[in-house]
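Please keep the sequence and the structure in view while reading.

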Amino acid sequence: MLRRILLSFVALLAFALAAPSARAQNAVPAASQFIDRLSQTAIEGLTSKDIDHDERKERFRRLFTEAFDVATIGRFALGSPWRTASESDRTEYLKAFEDYIVASYATRFADYGGEKIVTVGSRRGDDNEAFVLSNFMRAQGAPVRVTWRVRPNGDSWRIIDVIIEDVSMAITQRDDFSATVQRNGGRLSALIEALRAKTAAPAAAPAAAGRS
Amino acid sequence: MSFSSNLDLSNFASVRRACLTAVLATSLFVGASVARASDSAAAHTQIAQANEAGSEIWDPIEPVNRYFFEVNRFLDEVMLKPAAAWYGLLPQGVRTGTGNFLGNLRTPWTVANDGLQGEGARAGTAVARFFINTIIGFFGVFDPAKELGFAHHDEDAGQTFGAWGVEEGPYLMLPVLGSSNGRDIVGFVVDAFLDPFNLLTRGTRLDWTPYARGGTTAVHYRDANKQQIDDLQRSSTDLYATVRRVSVERRRAEIRNADPGASPPSPRMTDGEGPGISGPRAEAVQ
């Protein structure tokens with residue numbers, strides 16, 4: 001009996017060693033290059049200690065609206081209320097959504113400590129979409145797996161989702177937003193107010209301490 | 001975990017039990033991997049559909065869950081967060097070593113679960129990790145196995161049930177323990193009962209160690225994920241809904257044993273529509 005167990009352990013070990021390493025392939029090289037260029041531009045343009053908070057926010061907004069398909073993400077994140085919303089409500093919501101993202105993320109570049117995004121390959125998706133796989137290398141701890149879901153945009157690409165360690169930001173945001181709409185009697189205006197409150201809040205948050 | 005006091009096993013009996021579990025698990029997984037090879041393709045498709053990213057989360061007792069979520073946030077604020085802040089003052093090397101040590105304690109139970117899931121290669125990796133890190137890595141404080149190409153992974157009974165096709169059941173927010181579901185709460189009890197190190201210490205003078213281990217694990221992860229928790233608290237408009245989605249998706253990915261090189265299953269992103277918003281909640285929204 002003991003010999004059998006030992007044998008099976010040895011067999012398992014051999015099996016584990018022989019297992020092919022999961023090396024990602026580059027199915028859509030252009031999409032990978034797009035993410036490479038984007039992270040390069042972000043590090044060069046946004047992490048400088050010499051620019052002030054407003055300048056950093058404006059630079060981030062330009063980069064974000066250019067590289068991300070804000071309308072698609074915003075529509076998806078809102079879910080079904082989008083269909084019944086008036087044109088002016090939609091415009092107001094998308095503006096509040098964009099401001100909220102800019103306020104949430106721009107300040108993080110002020111505390112930049114040498115983190116890097118290293119693309120490791122890409123996969124084809126449906127409808128000409130592509131997934132760019134990357135590792136977010138931190139100063140401490142294991143790299144974080146980040147997958148960029150991109151859609152063709154002319155001769156370049158636009159990001160429609162960021163998937164961090166298997167968690168889609170678009171889906172998470174949709175749950176967050178629809179819970180807020182639902183708990184406020186289905187009013188879209190309540191979500192817009194909540195987003196504006198969040199947009200104003202990060203200025204006082206600890207992350208802002210690094211920008212002075 | 002109160003049943004540990006009901007079972008007054010002698011030290012010898014505990015050791016024998018642990019050995020029996022190990023033998024049972026070993027023979028089971030060798031058999032299981034053969035038996036499952038034939039129907040694994042069909043089963044995997046089914047599991048993939050049930051655990052698809054972005055699909056609806058069944059939360060029938062949401063008001064109760066939200067109540068316990070607030071209780072947990074309070075407990076976090078007054079106990080876990082301060083404890084993690086103190087722990088965070090320790091040098092990074094000490095904290096990494098603590099994480100490695102805790103991970104190594106889990107590895108034997110991971111091996112058993114890999115086996116029960118018919119994951120022979122993953123079980124082999126975990127066995128190799130356990131021996132390398134226990135012997136060369138000073139009882140698991142260091143992780144030389146990683147340098148040798150044996151990457152860390154965790155398995156537990158809830159994941160095994162999931163791999164067998166058991167559905168999540170209702171989403172549950174447990175007091176103190178946090179996010180769970182009908183399947184994983186059963187898995188948690190099985191884990192606490194059958195984890196080899198818990199079995200070894202039961203009924204001995206070391207029977208307090210599983211609690212110390214649980215507490216240390218909680219503090220360690222609270223410290224390791226401090227930044228992410230702060231970010232979520234700051235940016236979400238409904239923290240409960242956000243935490244629910246993040247924890248469910250992480251769990252589903254663990255059960256899929258997602259290949260890091262594969263593109264994640266993703267819903268279509270068209271105008272205000274998606275699989276996750278259909279069903280009962282969509283009606284409530286409209």
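In this predicted model, B:Glu249 has a relative accessible area of 2% and is therefore buried, since buried means under 20%. Its salt-bridge partner is B:Arg245, and the closest N and O atoms of the two are 2.6 Å apart. B:Arg245 is likewise buried, with a relative accessible area of 0%. Both residues belong to helix α12 of chain B, which spans residues 239-256. They lie four residues apart in that helix, about one turn.

B:Glu62 and B:Arg66 meet through their side chains in a salt bridge, with an N to O distance of 2.9 Å. Because they are four residues apart in helix α3 (residues 62-87) of chain B, about one helical turn separates B:Glu62 and B:Arg66. B:Arg66 has a relative accessibility of 13% and so counts as buried.

Chain B also holds a network of salt bridges, which links B:Arg106, B:Asp154, B:Asp156, B:Arg183, B:Asp184, B:Arg251 and B:Glu254. Over all chains, the structure holds 36 salt bridges.

One of the salt bridges in chain A joins A:Glu165 to A:Arg145, the closest N and O atoms being 3.5 Å apart. A:Glu165 is located in the loop between β4 (156-164) and β5 (167-168) of chain A, whereas A:Arg145 is in strand β3 (residues 144-153) of chain A, so the pair ties together parts that are 20 residues apart in sequence. For A:Arg145, the relative accessible area is 24%, and this residue is partly exposed.

Attention now turns to helix packing. Two packed helices are described by the angle between their axes and the distance between the axes. In chain A, the axes of helix α4 (residues 70-78) and helix α6 (residues 87-106) come within 10 Å and cross at roughly 105°. Angles of 65 to 115 degrees count as roughly perpendicular, and α4(A) and α6(A) are therefore roughly perpendicular to each other. On the side of α4(A), the contact is made by A:Val70, A:Ala71, A:Ile73, A:Gly74, A:Arg75, A:Ala77 and A:Leu78. From α6(A), A:Tyr93, A:Leu94, A:Phe97 and A:Glu98 take part. Classified by residue type, the contact of α4(A) with α6(A) has eight nonpolar, one polar and two charged residues.

Note on methods:
Residues are numbered from 1 along each chain as its sequence is written. Chains are lettered from A and ligands numbered from 1 in the order in which they are written. This is a predicted model: local features need pLDDT of at least 70, side-chain atom pairs count only at pLDDT 80 or more; totals for chains, interfaces and linings use all residues. Side-chain values use heavy atoms; hydrogens and water are left out. Axes are lines fitted to C-alpha atoms, for helices over the stretch in contact, and angles run from 0 to 180 degrees between N-to-C directions. Helices (H or I, at least four residues) and strands (E, at least two) are DSSP runs, numbered from the N terminus. Angles under 35 degrees count as roughly parallel, over 145 as roughly antiparallel, 65 to 115 as roughly perpendicular and the rest as oblique. Contact means heavy atoms within 4.5 Å. Ala, Val, Leu, Ile, Met, Phe, Trp, Tyr, Cys and Pro count as nonpolar, Asp, Glu, Lys and Arg as charged, and the others, Gly among them, as polar. A salt bridge is a side-chain nitrogen of Lys or Arg within 4 Å of a carboxyl oxygen of Asp or Glu. Buried means under 20% relative accessible area, exposed over 50%, partly exposed in between (1.4 Å probe, protein chains only).
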